[in-house]
Amino acid sequence: MASNFRINLLRALCSTVYHGIGNSHYLNANRAPQALYHFRHFSDAPSPTIATAGSSSAPPQNAAVQSTARPKEIVRNASAASSVNQLELAKFSAIADTWWDSEGPFKPLHVMNPTRLSFIRSTLCRHFRRDPYSVRPFEGLNIADVGCGGGILSEPLARMGANVTGIDAVEKNIKIARLHADLDPVTSTIEYCCTTAEKLVEQEKKFDAVIALEVIEHVADPAGFCQSLAALTVPNGATIISTINRSMRAFATAIVAAEYILHWLPKGTHQWSSFLTPEELVLILQRSSISVEEMAGFVYNPLTGQWSVSDDTSVNYIAFGTKSSQQTE
């Protein structure tokens with residue numbers, strides 16, 4: 001049964017200003033976004049069950065929203081700079097051996113994976129006019145899983161018929177992903193590479209869909225990272241990004257509760273200041289010629305221990321966008 005999502009977050013942004021993330025000042029307060037709220041509300045189509053195998057500081061009180069000027073020149077060649085954050089790479093390298101431990105540090109992602117896949121299946125099937133009830137709805141599609149980690153997303157995508165390229169900047173992640181994928185002839189076809197999105201751009205790689213889940217909050221330059229994702233996407237192709245909202249509720253749940261109280265994640269996994277609001281993500285993607293058309297939130301139910309798709313984007317959320325057939329300046 002379709003669920004209509006009341007997404008009114010992105011209205012009247014012309015007069016809104018945002019602060020930069022880290023040292024990257026990429027949002028232009030003087031440039032009005034174009035029709036940011038004209039994307040379709042997400043409708044989850046039911047389908048067969050898919051089998052899935054630093055320190056943080058509190059947000060300042062009454063934090064002021066700062067206007068930042070856009071650089072005079074945005075580098076259109078996304079390969080010119082890297083968005084890799086070496087400190088973040090070290091964090092994930094330290095726990096790479098636990099990727100397929102469903103009770104380990106990556107347990108939240110294992111539990112969330114069916115819900116993430118539900119959104120991905122529904123949006124990609126709608127965009128590419130595929131049957132969401134098919135066992136292999138992505139047959140023939142070339143999909144890049146950017147920041148693939150140990151392959152917990154790449155493998156179900158391959159089982160759904162996609163030609164998957166999984167990339168990660170952490171070499172240990174790629175080794176774990178290859179070892180696990182080789183256990184199944186279907187997933188052994190996944191092409192894993194220890195590389196970055198920027199390097200794939202240099203190689204002029206192109207994909208029907210580019211997916212980066214829970215990655216953008218760990219990169220050094222979100223704007224540059226999105227430019228790379230856009231460069232890897234074919235015209236009229238799809239880009240899907242999931243991340244965490246920079247809200248007080250996200251600080252309380254994704255950092256304080258998940259890292260310090262429940263110990264779901266190692267302390268310091270997330271930096272609240274590195275999170276992006278939905279408005280910021282839409283603006284960044286728009287400037288990379290990606291138009292966000294659908295957005296949804298992920299909500300965790302502590303009573304059932306399950307995640308579900310929701311219209312609540314205050315903590316975890318995911319966005320589906322399509323690349324313009326013509327590159328904008």
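Contact here means heavy atoms within 4.5 Å. Helices (H or I, at least four residues) and strands (E, at least two) are DSSP runs, numbered from the N terminus. The model is predicted: local features need pLDDT of at least 70, side-chain atom pairs count only at pLDDT 80 or more, and totals for chains, interfaces and linings use all residues. Residues are numbered from 1 along each chain as its sequence is written, and side-chain values use heavy atoms, with hydrogens and water left out.

Helix α8 is covered by several elements. The cover of its buried residues includes α6, β5, β6 and β8. Buried means under 20% relative accessible area, exposed over 50%, and partly exposed in between (1.4 Å probe, protein chains only). Eight of the nine residues of α8 are buried, so this helix is largely enclosed by the rest of the structure. The buried residues are Pro278, Glu279, Glu280, Leu281, Val282, Leu283, Ile284 and Leu285.

The packing of α6 on α8 was then examined. Helix α6 spans residues 222-232 and α8 spans residues 278-286. Their axes lie 9 Å apart, at an angle of about 50°. That angle makes α6 oblique to α8. Angles under 35 degrees count as roughly parallel, over 145 as roughly antiparallel, 65 to 115 as roughly perpendicular and the rest as oblique. Axes are lines fitted to C-alpha atoms, for helices over the stretch in contact, and angles run from 0 to 180 degrees between N-to-C directions. From α6, the contact uses Pro222, Ala223 and Cys226; from α8, it uses Leu281, Ile284 and Leu285. By class, the contact has six nonpolar, no polar and no charged residues. Ala, Val, Leu, Ile, Met, Phe, Trp, Tyr, Cys and Pro count as nonpolar, Asp, Glu, Lys and Arg as charged, and the others, Gly among them, as polar.

Nonpolar cores form the next level of description. Such a core is a set of buried Ala, Val, Leu, Ile, Met, Phe, Trp, Tyr and Cys residues joined through side-chain atoms within 4.5 Å. The largest has 31 residues. Those with the most contacts inside it are Ile120, Leu124, Phe138, Ile143, Leu157, Ile211 and Ile240. Two or more residues each come from α2 (107-128), α3 (154-159), α4 (171-181), β4 (207-213), β5 (233-244), β6 (290-301) and β8 (316-323). Helix α2 gives the largest share, six residues. Isoleucine 120 touches Phe138, Leu153, Leu157, Ile211, Leu213 and Ile240, not counting residues up to four places away in sequence. Another core, of 29 residues, lies apart from the largest one and includes Val146, Ile241, Leu281 and Leu285.

Two further residues of α2 were considered. Methionine 112 is found in this helix. Its relative accessible area is 4%, so methionine 112 is buried. Methionine 112 touches Glu214, Phe298, Trp307 and Asn316, not counting residues up to four places away in sequence. Its C-alpha atom is separated by 7.4 Å from that of glutamine 306, 194 residues apart along the chain. Serine 122 also has its place in α2. This serine is buried, at 3% relative accessible area.

Most residues other than glycine have a negative phi. Glutamate 214 has a positive phi of about 55°. Glutamate 214 lies in the loop between β4 and α6 and counts as buried at 14% relative accessibility. Glutamate 204 has a positive phi near 60°. Its loop runs between α5 (197-202) and β4. Glutamate 204 is exposed, with a relative accessible area of 68%.
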